[in-house]
Amino acid sequence: MTRAHNFCAGPCVLPESVLAEIGSEMVEYGSSGMSVIEMSHRSADYEAIHHDAIERLRRLSGAPDEFEILLLQGGATLQFAMIPQNIVPAGQRAGYVMSGSWATKAYADAALITDAYQAWAPTDDGPARMPRPGEVTIEADTAYLHVTTNETIGGIRMPELAGFGAPLVADMSSEYLARPIDWSHYDVVYGGAQKNLGPAGLAIVFIRRPLLERTGDHVPSYLRYPVHAAADSLANTPPTFPIWAMSKVLAWVEELGGVPAMEKRAAERSGLVYDAIERSGGFYRSPVDAACRSHTNVVFRAGTEEQEKAFLAEAETNQLLNLKGHRSVGGIRASIYNGLPTESVETLVAFMADFAARQG
Ligand SMILES: *Cc1c(COP(=O)(O)O)cnc(C)c1O
């Protein structure tokens, strides 16, 4: 069996050791006589897995006690609606930084539910970038400012996450646990698990506890944060498999040195690809401002459209998979999440140099 070099933007590659462990425990978990995905979510075995996952999230993220940690379904996308529905008090508004595709979706859902406004949007045709805090306009009665710390599709990362003048609500999906969180700035941090933490089917929401009191009576039960908080995310059947798999990924991250180690790794590994772009004499080009280049999703162009097609086809024959840019933007995108072996990045960089030498 050979595992390909998998640069998928999500669902993401997972550490092989984690997959092997899941495989070995799949048919019977411990001495339970069944697999995790067949057992009651009220059983002692499952409850231990569930609380272990939450405790590891708290340890790794450093979230202080005043944050509740929720494990929910519906991906990051459901949070686009749940956040404004639960935490904007009557008469208040929510600002959105329009940094790219995901921010646009978050804003569109918020605008259906509350008084949402665009606190910043790009105004020039220059390289894609994020705003500096001073460029963002916070209007009166703003409950929160929504930021997408890393735009997965555009490959754009927000370099500064302090000094915006409003509590932040942050979508960190594609750099969850690859970047430290200074909790003093945030009211809510959320994201889907499948970009950096585990399989699809699970969203992780950190929310400041006093905000749980804001939910209005009209909000249906699954959409109410306080319902999930009061039940330790066991109000209904949780997605037991992704939670189990994530807890194993989190244990793996802890072994490697936690978030500081992941942050360093992401900077170094994305740096290898950005260096290859810079060294190519213009054959490869980044559409993103140098200060805002993502550490987890490296987006670039290669020569002409024809050459780009050839790049992707040849990459595939070399087992370098899922490098095609998102269908909305084209080009090439290498997602370099925590679980990707460094060898995959090195193989990609060598392939890039070889291809440019032949085509450039
Ligand atoms: C993938 C992604 C989402 C959507 O996540 P789902 O779990 O598919 O709903 C939202 N925001 C960002 C930044 C993403 O990368």
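User: Which residues are around the ligand?

Analyst: A residue counts as near a molecule if one of its heavy atoms lies within 4 Å of it. Here the residues around the ligand are Gly75, Ala76, Thr77, Phe80, Trp102, Thr148, Asn150, Thr152, Asp171, Ser173, Gln194 and Lys195. The model is predicted, so local features need pLDDT of at least 70 and side-chain atom pairs pLDDT 80 or more, while totals for chains, interfaces and linings use all residues. Residues are numbered from 1 along each chain as its sequence is written, and side-chain values use heavy atoms, without hydrogens and water.

User: How does the shell around the ligand divide into nonpolar, polar and charged residues?

Analyst: Ala, Val, Leu, Ile, Met, Phe, Trp, Tyr, Cys and Pro count as nonpolar, Asp, Glu, Lys and Arg as charged, and the others, Gly among them, as polar. The shell has three nonpolar, seven polar and two charged residues. Helix H3 (residues 75–87) gives the largest share, four residues; helices (H or I, at least four residues) and strands (E, at least two) are DSSP runs, numbered from the N terminus.

User: Which side chains have an N or O atom 2.8 Å or 2.6 Å from an oxygen atom of the ligand?

Analyst: A polar contact is a pair of N or O atoms within 3.5 Å. The side chain of Gln194 has such an atom 2.8 Å from a ligand oxygen, and that of Lys195 has one at 2.6 Å. For Thr152, a polar side-chain atom lies 2.4 Å from an oxygen of the ligand.

User: Where is the peptide bond that is cis?

Analyst: The bond from Gly10 to Pro11 is cis, with omega near -5°. Pro11 is in the loop between strand S1 (5–6) and helix H1 (16–26).

User: Which residue has a positive phi although it is not a glycine?

Analyst: Asp141, with phi of about 60°. Asp141 is located in the loop between strand S4 (115–120) and strand S5 (142–148).

Terms used
Polar contact = N/O pair within 3.5 Å; in protein donor to acceptor, adjacent residues only side chain to side chain.
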